[in-house]
Structures are given as structure tokens and as C-alpha cells.
Amino acid sequence: MTDSNTKRANSTLWIGLLVTVLAIASNFLYFFKFPAAPLPWINLTLPGIGLIFLLIGVVRAFSQPRIYRGKIWGSIASVVAALVVAGSALFFVGARKMPSSTGAPQVGQRVPDFMLLDSTGQSVTLTQLFAASPGAPPPKAVLLVFYRGYW
Amino acid sequence: MAISVDAPEDSEHLRSKQGYTFTFLSDSKREVIRRYDLLHKAGGPDESDIARPAEFLIDQSGTVRWENFTEDIRVRPRAQQMLAAARTIR
């Protein structure tokens with residue numbers, strides 16, 4: 001039997017675990033002033049890289065058990081990383097399932113006026129939003145923000 | 001101005017909680033959302049139809065001067081982007 005103290009630390013497992021944790025943490029970057037455009041890709045590549053490192057580490061732990069540690073915790077971490085990869089991939093695909101909106105108003109086109117209830121229950125038209133409020137000049141533009149709701 | 005499928009009272013709750021001073025409009029019938037071709041079928045909870053995120057800057061003549069459609073529900077334009085677009089309108 002080999003003395004476990006003579007075994008080497010399995011560094012690829014640690015790197016893989018670190019990258020996987022970073023991958024999970026990267027999802028929270030959306031809440032900070034981080035450029036959002038590359039984020040969905042970072043969320044996908046980081047867990048993939050973490051998984052590759054973990055798999056190399058686990059293969060090393062099993063093929064050279066006399067040299068490397070990490071058979072048990074390396075396997076557990078790999079399963080967790082695989083789940084993170086699968087979850088990220090699923091979420092990545094789901095988050096990008098957008099309607100094409102080819103019929104939406106384009107730049108230079110006029111938008112149709114409409115009337116809807118505001119949050120106090122009053123009817124409001126788009127035209128009304130361009131009206132001057134007391135003591136202020138009329139707005140030069142209105143920003144229409146369509147959002148998903150259910151906040 | 002913000003539009004969603006939320007009922008006026010839900011929008012009012014969000015508005016007052018966040019301290020927003022702009023107008024929130026409720027399109028629970030998905031009327032305007034449909035007319036602007038922004039309906040995301042089954043995109044909401046329990047397969048409900050909701051609006052996809054989209055932003056339009058409209059000038060006084062009712063013409064679109066800037067717009068943005070996200071390809072990913074996790075990605076939205078930054079406030080600076082929208083302010084920069086608004087500054088181009090004199």
C-alpha cells in the first residue's frame with residue numbers, strides 16, 4: 001500500500017474546480033457593469049473548460065492512482081461540472097429562443113399610435129406622452145421599453 | 001415608458017418599489033405587443049405569451065430613431081447606450 005503522503009496533489013482537478021466555480025459566478029456578472037454581449041458565451045465556455053480540466057484530472061487519478069489523488073472528490077466535482085455545463089447549454093439555447101419580430105417598426109418608420117392603461121388605471125395614448133407637462137417643455141422623444149413583465 | 005403584459009396594479013407595485021417616475025403601461029390583451037410584432041409565444045411563466053424585450057426611441061413625429069432587439073433575454077441595452085441615442089435627437 002502506498003503512503004498517501006507521498007502522492008502528488010492533482011492540480012488539474014483543482015484548476016477544473018476553480019474554473020467551474022468561476023463559471024457559476026460568471027452568471028452574476030449580469031448584475032454588474034460588465035459588457036453584457038460576451039456574457040452568454042462566457043457562461044458556456046467556462047464550464048466547458050472546467051469540465052475538460054476535471055476530466056483530465058480524474059483520468060490521471062484513476063490511471064496513475066499511485067501518483068495522483070482525487071479519485072472520489074474529483075469524480076464528484078466532475079459530475080457537478082457536467083451538470084453545470086448541461087444547465088448552461090440548456091439555458092443558453094432557451095435564452096436565445098426569440099421571435100424574429102420581422103414585422104416590428106424599423107428605424108425611419110412611423111409607429112402606430114395606441115391607447116393602454118397606465119399603472120394608475122388611466123388610459124394613456126402614445127401621443128399624450130409627447131404632451132408638455134406643467135412647467136416643463138414637451139419631450140423631444142419617448143423611449144418605448146417593452147419588457148417581459150412578471151417582476 | 002415601459003410596456004408589459006402585467007396588470008396596472010402589478011406595474012404600480014414595481015414602479016413604486018423601484019422609485020421609477022416614468023409611465024408604465026399595461027398591455028394585458030397583448031394588443032400593442034402583437035401590433036409591434038413583439039409577441040414571445042409561451043415565453044412567460046406557465047407558457048403564457050409575453051413581450052420580448054425591445055426598445056424604441058420615438059421622436060415627436062412618431063418616427064423610430066433608434067431601436068434595439070436583444071437576441072438573448074439576459075442581455076439588455078445599457079442606460080448609456082439609450083441616453084446616447086436620445087442625445088442625437090434635437
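Of the 90 residues of chain B, 29% count as buried. Buried here means that 20 or more other C-beta atoms, placed from the backbone, lie within 10 Å of the residue's own; exposed means 12 or fewer, and partly exposed lies in between. The model is predicted, so that local features need pLDDT of at least 70 and side-chain atom pairs count only at pLDDT 80 or more, while totals for chains, interfaces and linings use all residues. Residues are numbered from 1 along each chain as its sequence is written, and chains are lettered from A and ligands numbered from 1 in the order in which they are written.

Chain B has three helices and six strands. These are DSSP runs, numbered from the N terminus: helices are H or I of at least four residues, strands E of at least two. Their order along the sequence is β-α-β-α-β-β-β-β-α. Along the principal axes, the C-alpha atoms of chain B fill a box of roughly 40 × 30 × 25 Å.

Contacts link chain B to chain A. A contact requires C-beta atoms, placed from the backbone, within 7 Å. By this criterion, 54 residues of chain B touch 43 residues of chain A. Strand β5 (residues 54–59) of chain B supplies the largest share of its side, six residues. That side of chain B has 29 nonpolar, ten polar and 15 charged residues. Nonpolar covers Ala, Val, Leu, Ile, Met, Phe, Trp, Tyr, Cys and Pro; charged covers Asp, Glu, Lys and Arg; the others, Gly among them, are polar.

Strands also pair across the two chains. Strand β1 (residues 115–118) of chain A runs antiparallel to strand β2 (residues 24–26) of chain B, joined by two bridges. Pairing requires at least two DSSP bridges between the strands. A:L117 stands opposite B:S26 in β2(B).

Definitions and conventions. Contact = placed C-beta atoms within 7 Å.
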